[in-house]
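Welcome, and please open the model in your viewer. We will go from one selection to the next, and I will tell you what is there.

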Amino acid sequence: MEYKNYINGVWVSSKTGKKFESLNPATEEVIGKFQKSDREDVRKAVLSAKNAFPAWRDIPAPKRAEYLWKIRDLLIKEKERLARLEVKEMGKVISEARGDVQEAIDVFEYMAGEGRRLFGNTTKSELPNKFAMTVRNPIGVVGLIAPWNFPIAIPAWKIAPALICGNTIVFKPSSDTPLCAIELIKIIEKAGIPRGVVNLITGSGEDVGDEIIRNKDIYAVSFTGSKATGEYVLKNAGIKKVGLELGGKNVIIVMDDANLDLAVSGVLFGAFGTTGQRCTATSRVIVHDKIKKRFETELLKRIKKLKIGNGISSDVGPLINKSALEKSIKYISIGKKEGAKLLCGGKPRRINGKGFFFEPTVFTNCRSGMKICQEEIFGPVLSILGVKSFDEAVKVANGVEYGLSSAIYTENMNYAFQAIEKLETGLTYINSSTIGSEVHLPFGGVKGTGNGTREAGILGIEEFSEIKTVYFDYSGKLQKAQGLK
Ligand code: NDP
């Protein structure tokens, strides 16, 4: 089956005539053929978004919200079909795929509510008979570039706030999950969104993505993906507003007073859920030396029970593609060379001779400076580091360039509050894993994980709107601020 781009409300082929394929990572079957678009396709989409902008902006936000609510309703109806498609195209297990679609439902619901807020502020002027306030305006045409690991939720996290703020959109999905993106756009189309407001172009990052970040008629870019690409986006986007959600080297600290069972469950879910391919995946565990042995024994027992296979009937699905598999393999040999001890896993698997599966893997006796403890592997590979104190745990936790998510398991309130203060991450969980964001709270990281923007929650609105400051003088004379005569 061949799929097309969506420009100005019409499904169209690229003039390039070129196509690329999306594969099922469990079976390596071709799921469909997609337009390998070029810069000219992006320019057409930008023009369509630019033309659609004034009318969309002028629809009152509570009315724009009605479209979002319809999208939410349609997503609810289609949830199971979309979740099964995610299993097929991205490889995540079905319960997580349902969760991914649920996040999209939640964010459209939340952002529809924002249609009746979109608050600005009022304040007092320093002059008499003068009124001062801020109002929230759309930015214009915004470019959205998404990764493959949450193929419906992440686009939804960007599209919903962009729409409610009154922007029009050019969206490029990951080339690993174009079909999930197309199905989301079909739902948006079915909800009756006016022509040109949402446009989708498939194709490579080098052509389609690059044109989005450089195009002069796009005033903001929201990007989620790797740190390397994020840096490229920032360097080349000129003076656009840029939102970056990048990688992580997320950490769980397990103190000697922790509820061990709970901690093991959190680590298991954090490290091997989504086969370690979440930006918030747990890739390091810092364990107090007093309980390290016991923790490892319990963790290994639980890992043995995990079933690897295609996402419908397994706990751990495949990696997204061959190069992701090769990346995990590479880090196993790096870890061994660095002197870490392999406790379990470390090998690729095939099922019926197919698929990019990889065994849940644990290294122990790791040191913070090792590459496996510093670099984002984005696979089911966990490193355990032993420490002697809380202070040492915090130092090791913070000793990486990333700063997305952290967690601590402890029964000691003092440690918990110190962790909130001292861990250099955008998210900190107490007694739960590094994953589990909710859409009404801001999401994002510090240090190498981003440039200070946040998605979701009220801060998701900041990313997609501009603040205008308004002075309304009703004195009938020329008044000057700062005491000028
Ligand atoms: P990439 O950076 O490789 O790709 C992300 C997107 O950028 C894709 O759509 C890709 O297109 C596009 N792209 C690639 N090159 C360029 C370019 N030169 N200019 C513009 N766009 C480009 O990341 P992955 O898709 O591999 O996603 C995994 C990464 O995303 C991980 O590092 C993960 O941590 C991070 N992530 C961060 C999250 C967060 O919120 N902090 C959430 C989820 C993931 P194409 O597919 O065609 O190459």
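To begin, select Glu401: is it buried, partly exposed or exposed? Glu401 counts as partly exposed because its relative accessibility is 39%; here buried means under 20% relative accessible area, exposed over 50%, and partly exposed in between, with a 1.4 Å probe and protein chains only.

Before the next click, a word on the ground rules. This is a predicted model, in which local features need pLDDT of at least 70 and side-chain atom pairs count only at pLDDT 80 or more, while totals for chains, interfaces and linings use all residues. Residues are numbered from 1 along each chain as its sequence is written, and side-chain values use heavy atoms, with hydrogens and water left out.

**Stop 1: the partner of Glu401**

The side chains of Glu401 and Lys227 form a salt bridge, 2.9 Å from N to O; the term stands for a side-chain nitrogen of Lys or Arg within 4 Å of a carboxyl oxygen of Asp or Glu. Glu401 sits in the loop between α11 (390-398) and β19 (405-409) and Lys227 in helix α7 (residues 227-236), so the pair ties together parts 174 residues apart in sequence. Helices (H or I, at least four residues) and strands (E, at least two) are DSSP runs, numbered from the N terminus. Lys227 counts as buried, because its relative accessibility is 16%.

**Stop 2: further salt bridges**

By the same rule the count comes to 32 salt bridges. Select Arg350 and Glu28, whose side chains meet in one of them at 2.9 Å, N to O. Arg350 is in strand β15 (residues 348-351) and Glu28 in the loop between β3 (19-23) and β4 (30-35), so 322 residues separate these distant parts of the chain. Arg350 is partly exposed at 49% relative accessibility, and Glu28 is partly exposed at 25%.

Now pick Glu183 and Arg81, a salt bridge with its closest N and O atoms 3.2 Å apart. This pair links distant parts of the chain, with Glu183 in helix α5 (residues 178-190) and Arg81 in helix α2 (residues 61-89), 102 residues apart. Glu183 is buried, with a relative accessible area of 10%, whereas Arg81 is partly exposed at 41%.

**Stop 3: a buried lysine**

Go to Lys158 in helix α4 (residues 153-164). Lys158 counts as buried because its relative accessibility is 1%. Show Ser222 as well: a polar contact of 3.0 Å joins the side chains of Lys158 and Ser222. Such a contact is a pair of N or O atoms within 3.5 Å; within protein, one must be able to donate a hydrogen and the other to accept it, and residues adjacent in sequence count only if both atoms are side-chain atoms. Leaving aside neighbours within four places in sequence, Lys158 is in contact (heavy atoms within 4.5 Å) with Leu144, Ile145, Ser222, Phe223, Thr224, Glu455 and Phe464.

**Stop 4: a nonpolar patch**

Select Met413, Phe417, Ile420 and Ile430, which make a nonpolar surface patch of about 420 Å². Patches are made of residues with over 30% relative accessible area and no salt bridge, with like charges joined within 9 Å and nonpolar side chains (Val, Leu, Ile, Met, Phe, Trp, Tyr) within 5 Å. Accessible areas come from the Shrake-Rupley method with a 1.4 Å probe, and for residues only the protein chains shown count as cover. Helix α12 (residues 413-422) gives the most to the patch, with 3 residues. Met413 lies in that helix and counts as exposed at 60% relative accessibility.

**Last stop: the domains**

Finally, colour by domain: the domain assignment gives domain 1 (5-246 + 450-470) and domain 2 (250-430), with bounds that come from an automatic or database assignment. The centres of domain 1 and domain 2, taken over C-alpha atoms, are 31 Å apart. Across the two, 20 residues of domain 1 are in contact with 27 residues of domain 2.
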